[in-house]
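Keep the structure in view while reading.

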Amino acid sequence: MNATVHIIGAGLAGLSAAVRLSRAGGRVVVVHEATAFAGGRCRSYHDAALGMTIDNGNHLLLSGNRAALDYLRTIGAERRLVGPPAAEFSFVDLASGERWTLRFNDGPIPFWIFDPGRRVPGTRALDYAPMAQLLWPPAGKAVGEVIACEGTVYRRLVEPLLLAALNIDPPQGSARLAAAVIRETLAVGGRACRPLIAREGLGSTLIEPALALLAQRGAVIRMEHQLRSMRYGRDRVETLYFGNDNIALNTDDAVVLAVPPYAAAPLVGDLATPTEFRAIVNAHFRIDPPPVMPSMLGVLNATVEWIFAFPGRISVTISAGDRLVDTPREELAKTIWCEVAHVTGLPAALPPWQIVRERRATFAATPAQDARRPGAATQWRNLVLAGDWTDTSLPATIEGAIRSGNRAAEVIAKLS
Ligand SMILES: Cc1cc2nc3c(=O)[nH]c(=O)nc-3n(C[C@H](O)[C@H](O)[C@H](O)COP(=O)(O)OP(=O)(O)OC[C@H]3O[C@@H](n4cnc5c(N)ncnc54)[C@H](O)[C@@H]3O)c2cc1C
């Protein structure tokens, strides 16, 4: 009988592990998901208030996210991710009314910082030099201990970039994680910085094609099948308990635990995991974006951070949004729409809206929390961890989640 690998959690970490393991053949792949939907923190759903399908949150990928792009190619959905042909980011400063577009050149030598038409307005090429200190920072330091978090380059480039990538107020953020992002994107040049969006939705881009491929490869997906506990033997997991049914594992069977840290900790004894989280707030408005609006607009000196234009909808992202999680929903919708209407020129009347607050959107990317991330292997030979919170050297992102799933699959492949 073929050995079975049980993948717990159908988020991107679990799905990418399943896609890799099902490709190899030889093992039966079974995915167990607690909820009625796959995708976890990266999902689409039909929203009754808006009468349309929306994403739980706007998700941005960059062209340097090589594992994510490889995953999309494998599931046949690479073309569903769209973006401009070049690395361009438009901004508006709500305080000064200034608007500009950052235009990175393709290669690693940053010619763009020498061109006033491409760099941040109000800066000189020399002002970008301190950023180099973030490339290889000393271990265990926060961003605020490595660079001075002040000045125009910081406020108009470094802060919005790191806030979006780390989902934390940048001075508190882990310099190691900031460095990893910068080394894989800005330092490579514009070709790694093109912004990419799932224009038709996260579900139809990243999730449903993966489920279809898995079904085609004979993998089994069990929804509403929550792992409750595991029985451990001397060196391996022996039984999975799902409430009404239990699965006894054969000697060659294996488990990929791809659940969030707060779900993994009670399932695995003595597991150190991140314990602090940061929220992301998203607001969605059913309204046609103005035809001239960029698909993505950064907003400075405002509550709103990024405005995304989708067909028939405008959506807003606010990272590290913990200060807003208890604000009454309607008040928040009005505040956000007021700023959106101001910068887009759309009417001030509030269109149909929805607020989605993900309180534990990502682990808090501080040096202390980063140090609590475990690797993939565990003391049990047939139990492997995956998830954006495991030690991928990246912040909690799609790219990190997919790399963790790929790595878990590699560890499992070596077991046989
Ligand atoms: C609002 C928001 C915006 C974001 N924006 C971006 C962005 O712009 N760019 C980017 O790269 N990343 C972004 N992220 C982060 C990205 O969504 C995550 O890093 C990624 O989706 C995490 O995937 P995962 O598989 O590690 O975890 P999850 O998606 O949390 O998947 C875990 C799965 O395990 C299931 N589960 C839990 N317990 C059990 C159990 N006991 N048994 C069975 N199943 C269980 C859960 O239901 C879930 O489906 C954003 C996240 C949020 C919330």
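I280 has E358 as its bridge partner in β19. The model is predicted. The strand pair behind that bridge is β15 (residues 277-286) and β19, joined in the antiparallel sense by eight bridges.

Strand β9 (residues 195-198) is a partner of both β5 and β6. The antiparallel pairing with β5 (residues 60-62) has three bridges. The pairing with β6 (residues 81-82) is also antiparallel and has two bridges. I197 in β9 stands opposite L60, and I197 is also the bridge partner of V82.

| Strand pair | Bridges | Residue pair |
|---|---|---|
| β15 and β19 | eight | I280 and E358 |
| β5 and β9 | three | L60 and I197 |
| β6 and β9 | two | V82 and I197 |

Now the domains. The domain assignment gives domain 1 (4-43 + 202-274 + 367-415), domain 2 (46-83 + 276-363) and domain 3 (88-193). The C-alpha centres of domain 1 and domain 2 are 28 Å apart. Across their boundary, 23 residues of domain 1 are in contact with 20 residues of domain 2. On the domain 1 side, α1 (12-24), α6 (202-216), α7 (261-267) and α10 each supply at least two residues. The largest share comes from α6, with six residues. By class, this side of domain 1 has 14 nonpolar, five polar and four charged residues.

The ligand comes next. Where does it lie relative to domain 1 and domain 2? Both domains give residues to the shell around the ligand, so the ligand lies between them. The shell has 37 residues, and G9, G11, G40, G57 and T397 come nearest. α1, β5, β15, β19 and α10 each give two or more residues to the shell. Its residues divide into 18 nonpolar, 14 polar and five charged.

Is I398 buried or exposed? I398 counts as buried because it has 25 C-beta neighbours inside 10 Å, and the cut-off for burial is 20 or more. Neighbours within four places in sequence aside, I398 is in contact with L12, C42, H59, L61, N65 and A68. R41 is 357 residues from I398 along the chain, yet their C-alpha atoms are separated by 9.6 Å.

How values were computed:
Residues are numbered from 1 along each chain as its sequence is written. This is a predicted model: local features need pLDDT of at least 70, side-chain atom pairs count only at pLDDT 80 or more; totals for chains, interfaces and linings use all residues. A residue is buried if 20 or more other C-beta atoms lie within 10 Å of its own, exposed if 12 or fewer, and partly exposed in between; C-beta atoms are placed from the backbone. Two residues are in contact if their C-beta atoms, placed from the backbone, lie within 7 Å. Domain bounds come from an automatic or database domain assignment. Helices (H or I, at least four residues) and strands (E, at least two) are DSSP runs, numbered from the N terminus. Ala, Val, Leu, Ile, Met, Phe, Trp, Tyr, Cys and Pro count as nonpolar, Asp, Glu, Lys and Arg as charged, and the others, Gly among them, as polar. Two strands pair if DSSP finds at least two bridges between them. A residue is near a molecule or strand if its C-beta atom, placed from the backbone, lies within 6 Å of it.
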